[in-house]
Each structure stands twice: as C-alpha cells, then as structure tokens.
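Trainee: Could we go through this structure together, one question at a time?
Mentor: Gladly, ask away.

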Amino acid sequence: MKLSIDVRDQTLEVEFDFANGSARLVHEGRSYEAQVSEPEPGLFLIIFNNRVYRCIFDRLPDGQAEVTINGQPIRVAVRDPRRRRGGSAGSGRGGGPVSLTAPMPGKVVRLLRSSGDEVASGEGVLVVEAMKMQNEVQSPRAGKVVEIRVCEGQTVNAGEVLAVVE
C-alpha cells in the first residue's frame with residue numbers, strides 16, 4: 001500500500017507491505033526489508049541490517065504518533081493518500097455523511113461507539129488491528145454515528161467503509 005509519512009520535517013512517499021513478520025518498504029526506488037515482532041502491545045522489535053531496534057509506539061491526541069527507537073523519540077504522522085482524498089471530500093461539505101474507512105487491511109478488534117451514538121471530532125469510533133498495531137479509526141468531525149458496517153473480529157480490506165457519521 002502507498003503511504004505518506006511525515007517525519008523530521010520531511011514527507012516521504014513510500015510503498016509498504018507486511019506479511020508473516022516481514023516488512024518491506026520501498027522509497028525512491030530502493031527497497032528495505034526488516035523482520036518485525038511485537039512481544040507486548042505497543043513494543044516492537046525490528047531487525048534491520050543485522051541490528052535490533054526496540055521501538056515503542058504511542059498515539060498522540062493530535063492524531064500523530066511518537067515512536068521511541070532505542071530511547072530516541074520521533075514524532076511521525078502516517079497517511080494513506082486514498083483515505084485522505086475520500087475523507088476530505090466528505091468533511092468539506094459540512095453536513096453530509098462521512099464514511100470512515102479502514103486505513104489498511106486488518107481485523108476489527110473493538111467497537112468504541114454504536115449506531116445512534118454522538119461522537120466528537122477526533123473521537124474514536126472503532127479499532128482495527130493491522131500488522132500487530134492497533135489503529136483507532138476516528139471521526140473527522142462531530143456528529144452522530146448513523147451506521148456501523150462491521151462487527152468485532154471481522155476482517156476488513158484497506159479503504160473498506162467501516163462506519164458512517166452524519
């Protein structure tokens with residue numbers, strides 16, 4: 001999948017794949033591969049070029065994340081360009097429904113809201129686990145959850161509509 005990653009005042013356009021504990025990232029035509037494990041929630045061990053990196057992943061209230069790699073904190077923001085296009089069209093209208101989509105293939109592990117619930121801008125609606133990381137799918141604006149299209153334990157594809165907020 002294609003991603004935009006903001007890190008240290010740079011935006012990197014990358015292609016990212018993950019399967020069976022192996023991650024592959026392609027940036028500017030160069031391919032990088034690493035082995036990834038998650039011995040406990042939020043803690044990842046990454047083996048890259050025969051070196052082990054201890055990474056702690058924390059989501060921040062502003063939607064960005066902080067990754068602490070071997071004790072060095074780095075703020076990052078990861079975006080799926082397909083999701084950004086779909087979300088900005090809905091949120092720009094102001095009153096129409098907004099579809100919340102899966103950021104990547106994964107499994108729904110928790111529903112935080114139900115149909116009919118009011119939700120604030122930036123508030124989580126559900127959680128999708130992908131590549132052993134839990135991603136909270138948040139409402140881009142305040143409104144009412146009018147539809148939840150998935151259930152806990154369901155496998156979803158990237159870009160699949162999970163819920164609708166009006």
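Trainee: Leaving aside neighbours within four places in sequence, which residues is His27 in contact with?
Mentor: This is a predicted model, where local features need pLDDT of at least 70 and side-chain atom pairs count only at pLDDT 80 or more, while totals for chains, interfaces and linings use all residues. Residues are numbered from 1 along each chain as its sequence is written, and side-chain values use heavy atoms, leaving out hydrogens and water. Taking contact as heavy atoms within 4.5 Å, His27 touches Leu12, Glu13, Val14 and Tyr32.

Trainee: Is His27 buried or exposed?
Mentor: His27 sits in strand β3, residues 22-27 (strands are DSSP runs of E, at least two residues, numbered from the N terminus). Buried means under 20% relative accessible area and exposed over 50%, with partly exposed in between (1.4 Å probe, protein chains only). At 18% relative accessibility, His27 is therefore buried.

Trainee: Which backbone oxygen does the side chain of His27 reach?
Mentor: The distance is 3.3 Å. The backbone oxygen belongs to Glu13.

Trainee: Which strands stand at the edges of the open sheet?
Mentor: The order is β9-β16-β14-β11, with antiparallel pairing; two strands pair if DSSP finds at least two bridges between them. An edge strand has a single partner, so one of its sides lacks a neighbour in the sheet. Those strands are β9 (98-101) and β11 (118-119).

Trainee: What is the bridge partner of Val119 in β14?
Mentor: β11 pairs with β14 (residues 143-148) in the antiparallel sense over two bridges. In β14, the partner of Val119 is Gly143.

Methods: Helices (H or I, at least four residues) and strands (E, at least two) are DSSP runs, numbered from the N terminus. A polar contact is a pair of N or O atoms within 3.5 Å; within protein, one must be able to donate a hydrogen and the other to accept it, and residues adjacent in sequence count only if both atoms are side-chain atoms.
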